[in-house]
Amino acid sequence: MCDTCGCNLTPGNKHLAFKPVPKGATAVSVLKGLLAKNDDQAAHNREHFDKRGILAINLMSSPGSGKTALLEATLVALKNEFTCAVIEGDLETENDAERIRAKGVQAHQIVTGTACHLDAHLVHDALHHMTLDGVDILFIENVGNLVCPASFDLGQHFNVTLLSVTEGDDKPAKYPVMFRAADAMLLTKTDLLAVLDDFDPDKAEAHLRNLANPAPVMRLSARKNLGMDAWLTWLREQLAAQRARVAIGQSRRPAIQGDGMKYHSVTA
Amino acid sequence: MHELAVAQALVEQVDAVIDQHHASGATSIRVRIGPLAGVVPELLATAFPLAAAGSRMGHAVLEFSHAPIQVHCQTCGVETEAAMNRLICGACGDWHTQILSGDELLLESVELETTPSLTPES
């Protein structure tokens, strides 16, 4: 504290410090995305991926809808075709990373503590613990949560949102921010449809369309190996498309951010 | 409750604005949040004082501009308002629409306090 620089002034005593002082207030217009720092980091992550020709996929869903089971089945099916790597996000435990490693695939676990989502900085730190050379597809399994992860760009090329049939076919209507962000929606655990009378896959798809989302909807059961071919084909197509983009120096953001960025950057 | 993370990002950005303008602090901060941004203004308002404590905007007022959801129909070309989970065209009902507003998460403007001078007369 001193009497020269003004550091002893508090809002409580400021009015006593000066006689009439012209209020030095100026308003500045900013118009910058609130998450600009995260978005900058995400763009940097995306450059990492593009430089190596990696396809990065962000998997989002409720807890327990089968993200890790889907990954296990996918990694086994693609084992002889591509080199995959996985970043796991959970509040606690290494369990999911261990499940992935048991399939002979490189996995890094991000333990978020109490954070309800992954952000671009957490993913960037994880990338530095991984060997990315030679990797074709990087899966990022976000924290199980249908709310927060949708708001944070990680640098991925695609958002894949899972909806298990034990949840409810109106989930896209209840969590519109999350499902609007989906580049593909996977209806999982479809083998259970036979014993469930309250989940209509067509209704789930209709709710997704009501969000103006044209994303493909794939119905599958990773455990029973049902409908996996469409998903694997989609992955192969996206990897080929990613390589074609990289070859001409282009990249891709999840569709929802493409629109948003276009609109927001007009004034930014 | 990712609003605290958003509040921290907001504090960092306002801090940068204060630096850029060689100001001493911020007195008022206006953000624009659309319903589709996935951030609840009320929760952000609760989280902001925690993130701003001890900073140069510790006493700033946080204000919100609301951004109604507007969609442009790619089929019939009409612009209409829409509900958060029914982003379909209000005129023809088609779902092939584009969001015009409602997903913003923007720092709109900041009111700055210039460095207090102890010799205001000079």
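H72(B) stands opposite E79(B) in strand β4(B). This is a predicted model, so local features need pLDDT of at least 70 and side-chain atom pairs count only at pLDDT 80 or more, while totals for chains, interfaces and linings use all residues. Residues are numbered from 1 along each chain as its sequence is written, and chains are lettered from A and ligands numbered from 1 in the order in which they are written.

Let's stay with chain B for a moment. Strand β3 (residues 70-73) of chain B and β4(B) pair in the antiparallel sense over three bridges. Strands pair here if DSSP finds at least two bridges between them. Helices (H or I, at least four residues) and strands (E, at least two) are DSSP runs, numbered from the N terminus. The open sheet has three strands in the order β4-β3-β5 (chain B), with antiparallel pairing. β4 (79-81) and β5 (97-101) of chain B sit at the edges with a single partner strand each, so one side of each has no neighbour in the sheet. From one strand to the next, the twist averages 35°; the axes behind such angles are lines fitted to C-alpha atoms, for helices over the stretch in contact, and angles run from 0 to 180 degrees between N-to-C directions.

Helix α1 (residues 3-20) of chain B has 18 residues and should span 26 Å at 1.5 Å a residue; its end C-alpha atoms are 25 Å apart, which agrees. That expected span is 1.5 Å times one less than the number of residues. Buried residues of α1(B) include V6(B), L10(B), V14(B) and I18(B). Buried means 20 or more other C-beta atoms within 10 Å of a residue's own, exposed 12 or fewer, and partly exposed in between, with C-beta atoms placed from the backbone. After α1(B) comes H22(B), with a positive phi near 50°.

Over in chain A, an open sheet of seven strands runs in the order β4-β3-β5-β2-β6-β7-β8, paired in parallel. Its edges are β4 (106-111) and β8 (217-219) of chain A, each with a single partner strand, so one side of each lacks a neighbour in the sheet. The twist averages 20° from one strand to the next. Here are some of the pairs:

| Strands | Bridges | Opposite residues |
|---|---|---|
| β2(A) and β5(A) | five bridges | I57(A) and F139(A) |
| β6(A) and β7(A) | five bridges | L162(A) and L186(A) |
| β7(A) and β8(A) | three bridges | M185(A) and V217(A) |

β7 (residues 184-188) of chain A is mostly covered, with four of its five residues buried. Together, β7(A), helix α8 (residues 201-209) of chain A and β8(A) make a right-handed β-α-β unit; right-handed means that, with the strands pointing away from the viewer, the path from the first strand over the helix to the second runs clockwise.

L226(A) lies in the loop between β8 and α9 (228-247) of chain A. It is partly exposed, with 13 other C-beta atoms within 10 Å. L226(A) and K189(A) are 37 residues apart in sequence, yet 9.0 Å apart in space, C-alpha to C-alpha.

What about the contact between the chains? It takes 39 residues from chain A and 44 residues from chain B, where two residues are in contact if their C-beta atoms, placed from the backbone, lie within 7 Å. On the side of chain A that touches chain B, β1(A) gives the most, with nine residues.
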